[in-house]
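Here are my notes for your read-through. Keep the model open beside them and check each point as you go.

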Amino acid sequence: MTHPVYNVLFVCTGNSVRSVMAECLMNHLGAGRFQAFSAGSMPNGTVNPQALATLASLDVPAQGVRSKSWAEFSQAGAPVLDFIFTVCDRAAGEVCPVWPGQPVSAHWGVADPGDMPAQSTAEVEKNFRDTAYALKRRIELFMALPFDSLDRLSLQAHAHRIGQE
């Protein structure tokens, strides 16, 4: 039996760290069952080099990722999204575009590792790694859901609950 490929968008304000890490992690872990994207409400135009280094240290491919606007995903011809997860508190509070198809959405807030105090390079690396692990755990919990047996309302509730983990 073949499973559908679910399109997932991770949203953060700048689209330079958390949303990009989540996109790469889900594409890596999703084994073709999930197609992940990331975007920002006010993208800064670059992906944080430490985010890329963290993904590389976890053997997670990040080729071709870029910082982009969420407007790309509300235009004609954009992938139809099944799920949208905000990963920063600021993006969760913003007025989002109208997403075609009314995807299931939830807030999976994770602290910005670039804003965490760090006295050394090792502490910076740890902050980014901890963020990646928090996102990875939520993604794994989400991917383990029995999608075939859950209705939309149940998926919404599970997605929300995962964001509280």
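**Notes on the model**

1. The disulfide count is 0, where a disulfide is a pair of cysteine sulfur atoms within 2.5 Å. In general, a disulfide is a covalent bond between the sulfur atoms of two cysteines. For cysteine 24, the closest cysteine sulfur belongs to cysteine 12 and is 14 Å away, so it is too far for a bond.

2. A word on the basis. This is a predicted model: local features need pLDDT of at least 70, side-chain atom pairs count only at pLDDT 80 or more, and totals for chains, interfaces and linings use all residues. Residues are numbered from 1 along each chain as its sequence is written, and side-chain values use heavy atoms, with hydrogens and water left out.

3. Are cysteine 24 and cysteine 88 buried or exposed? Cysteine 24 is buried, at a relative accessible area of 4%. Cysteine 88 is buried too, with a value of 4%. Buried means under 20% relative accessible area, exposed over 50%, and partly exposed in between (1.4 Å probe, protein chains only).

4. Look next at the largest nonpolar core, which has 39 residues. Such a core is a set of buried Ala, Val, Leu, Ile, Met, Phe, Trp, Tyr and Cys residues joined through side-chain atoms within 4.5 Å. Phe10, Met26, Phe83, Phe85, Trp108 and Phe142 have the most contacts inside it. Elements that each supply at least two residues include strand 1 (6-12), helix 1 (18-29), strand 3 (83-86) and helix 4 (121-143). Helices (H or I, at least four residues) and strands (E, at least two) are DSSP runs, numbered from the N terminus. Apart from this core lies another, of 8 residues, among them Leu9 and Trp70.

5. Phenylalanine 10 touches Met26, Phe85, Trp108 and Ile139, among others, leaving aside residues up to four places away in sequence. Contact means heavy atoms within 4.5 Å.

6. Helix 1 is mostly covered, with 9 of its 12 residues buried. Among them are Arg18, Glu23 and Cys24. The cover includes strand 1, strand 2, helix 2 and helix 4. Just after helix 1, alanine 31 has a positive phi of about 45°.

7. Strand 3 and strand 4 pair in the parallel sense over 4 bridges; pairing requires that DSSP finds at least two bridges between two strands. Isoleucine 84 stands opposite serine 105 in strand 4.
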